[in-house]
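Please keep the sequence and the 3D view open while reading.

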Amino acid sequence: MPISTIFSFLTYPKKSRPDETVVSGTTITPDDGKLSRMLGDIFDAAESECNIPVMFTSDDAQANPVRTELLALLKNPSVETAAPLASRLQQATTGKSGMGLLFTCIGPEGPHTRVVLSRFPADEGVVAERASNKLTVAFVEQVFLKSSHAYKAVTYVSDGTAGELWKGHAVDKQINHGSKSMADYWIADFLKSDFATTAATGTKRLAQALKSVMDSSADVDVKKEITAAVHLAANIPGKALTILEFCDSFNFSPKTRDAVVTKVNPSRLVNDKFKFDHNEFSKHIAYKQIELDNGAVLSAPADKFDDCFKSSMHRGAQMHAAQTFSTTGVVVHERLKMTK
Amino acid sequence: MNDDALLAEYKLRYHTILQPLARKLTEHLQGSVAGVPRIDRVATRAKSPDRFMAKAQKVLASGARKYAEPLSQIQDLVGARIIVLYLDDVEAVSTVIDTYYRRVELRELVPESPNEFGYVGKHYILSFPEDLFEDDADRTRTPEFFELQVKTLFQHAWSEAEHDLRYKPEEPLTPLQSRQMAFTAAQAWGADQIFQALSRELGVATSLHSNPDKGRRSMPGGPAIRTRPRQPL
């Protein structure tokens, strides 16, 4: 679908100077030029490229300032109604993220309206012109896009109904460019949003899928890979990931990866982004372990421990009573460990 | 959309989308509060077509309809209620809700004046978790939010009886009847206060919170978490 309206703003890092809200903006008429084509490509691909569901945070009274500004922009698209978003971006931007060009693109999406906000890092520069026998160096008072492929974007589809536009989809195409993480700068600071899925919900979904594979799979290799990942998952420091990214980060074999994916219902949620929450993870995939004074260590999934081990208390004993544990099963794995 | 078309559309959604969604939500909420002690019940319901139409047809003082787009503006098409024993348990459940769900609204409903007694409750408007929607769901017809109420047994009991009594008679309540209603609210409020104090004095809240498994309380005749279909939420 073609873009019908484009507004562009040059934004500076003003997080430490929030009072300076002046931004320069302009309307760009869509044409066949390179810039329009580049923005058109981003606009057309927004539905698939922007794949991180985000949701505006609320003040508990169903209000969010960015959503309010977005609704005002869609109601009456103009440089003036787009400017508050540019000012907001400026005030969320630190020197590390630097100067940027914000493009606000609006166009039809079937019977609805799509808006795409994209920010490209920009810079001023020095140009050196080499002639046959001399070099001319000059500061160029123009702004350059550092790269047309490195940008952050977010898209929303408006159907004009009441209570719309709480949710959108974001993407960070400059995730490896050393800037502040997308969750902090683009989603939280600028958009006043968060991942649509809470850390606990996403992590619980992941843990339950892994646990479900452990419970149902008869493949020892699959179980080994998942057990190793569960132990190592403690080292994931609140990172934003998807279930598929979790599988890939632990180099799951194709059969283990497939086994996990089939346990995620609905299946699209394997690509749903959330912040990993180690405590939540442990809650759902924890192992209960008890150690006896004879050196034995018994371990089983916490929710199945009492099914795995039958215990009986020795008669007459009260405090620190000796207990007998018994279990029956087929040995599927055996290992020697240096620690418990 | 005229009222006949609205009713027809709502009935279709009620049977094919909202009722199944309410059932899924019950399971999701139960799973979320599974470790929280002293949950009396988790109940959900899809708003019945009759009640939906009654709400959709509400008019303002100006005579205009309150809801221009009732299908998207009315946010309790699916409603849920979590009933707990003590006031401290309301806070415990609220913490869990904030962990697992994204909210757009939170209201602590209490009487306007400290000298009044009446409706008390904690109301949320929450975003439906994506887990409840199949990949091929028609998302243009599914609601985005649901209402959740978290209440104590006494708050719940009072609001149910009050709703039944206050809205059934055609005539408004007399001053004496209103005063009697407020008296029962005061008793429910007082009972919650005393039970809260007792649970703290007796260390019930502390001991059970620290041991969720031990704290799971089976209600007579039912499991630790019960569900029951109901209409008014």
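A:Asp60 counts as partly exposed because 14 C-beta neighbours lie inside 10 Å. The classes work like this: a residue is buried if 20 or more other C-beta atoms lie within 10 Å of its own, exposed if 12 or fewer, and partly exposed in between, with C-beta atoms placed from the backbone. This is a predicted model, in which local features need pLDDT of at least 70 and side-chain atom pairs count only at pLDDT 80 or more, while totals for chains, interfaces and linings use all residues. Residues are numbered from 1 along each chain as its sequence is written, and chains are lettered from A and ligands numbered from 1 in the order in which they are written.

**Backbone details in chain A**

- A:Asp60 has a phi near 80°, a positive value in a residue other than glycine.
- A:Asp60 sits in the loop between strand 3 (52-56) and helix 2 (65-75) of chain A; helices (H or I, at least four residues) and strands (E, at least two) are DSSP runs, numbered from the N terminus.
- A:Lys192 also has a positive phi, near 50°, and its place is the loop between helix 4 (182-190) and strand 9 (193-195) of chain A.
- A:Lys192 counts as partly exposed because it has 18 C-beta neighbours inside 10 Å.
- A cis peptide bond, with omega about 0°, joins A:Asn265 and A:Pro266.
- A:Pro266 is found in the loop between helix 8 (254-262) and strand 11 (274-275) of chain A.
- Most residues other than glycine have a negative phi, and most peptide bonds are trans.

**Domains of chain A**

- Chain A is assigned domain 1 (5-120 + 147-195), domain 2 (199-284) and domain 3 (291-326); such bounds come from an automatic or database domain assignment.
- The centres of domain 1 and domain 2 of chain A, taken over C-alpha atoms, are separated by 32 Å.
- Five residues from domain 1 of chain A and six residues from domain 2 of chain A take part in their contact; two residues are in contact if their C-beta atoms, placed from the backbone, lie within 7 Å.
- On the side of domain 1 of chain A that touches domain 2 of chain A, four residues are nonpolar, one is polar and none is charged.
- For these classes, Ala, Val, Leu, Ile, Met, Phe, Trp, Tyr, Cys and Pro count as nonpolar, Asp, Glu, Lys and Arg as charged, and the others, Gly among them, as polar.

**Overall make-up of chain B**

- Chain B has eight helices and five strands, running α-β-α-α-β-α-β-β-β-α-α-α-α from the N terminus on.
- Of the 233 residues in chain B, 33% are buried.
- Among contacts in chain B with a separation of 6 or more, 73% are between residues 24 or more positions apart.

**The sheet of chain B**

- Five strands of chain B form an open sheet with mixed pairing, in the order 1-2-5-4-3; two strands pair if DSSP finds at least two bridges between them.
- Strand 1 and strand 3 of chain B are the edge strands, each pairing on one side only.
- On average, neighbouring strands of this sheet are turned by 15° against each other, direction ignored.
- In strand 1 (residues 39-46) of chain B, eight of eight residues are buried.
- Strand 1 and strand 2 (residues 78-84) of chain B pair in the antiparallel sense over seven bridges; B:Val42 stands opposite B:Ile82, and B:Thr44 stands opposite B:Ala80.

**Helices of chain B**

- Helix 1 (residues 3-32) of chain B lies across strand 1, strand 2 and strand 5 (145-152), at about 165° to strand 1 of chain B.
- Axes are lines fitted to C-alpha atoms, for helices over the stretch in contact, and angles run from 0 to 180 degrees between N-to-C directions.
- Helix 4 of chain B lies across strand 2, strand 4 and strand 5, at about 155° to strand 5 of chain B.
- The axes of helix 5 (residues 153-167) and helix 6 (residues 175-201) of chain B come within 9 Å and cross at roughly 170°.
- Helix 5 and helix 6 of chain B are therefore roughly antiparallel to each other; angles under 35 degrees count as roughly parallel, over 145 as roughly antiparallel, 65 to 115 as roughly perpendicular and the rest as oblique.

**Contact between the chains**

- Chain B and chain A each give 20 residues to their contact.
- Strand 3 of chain B gives the most to its side, with four residues.
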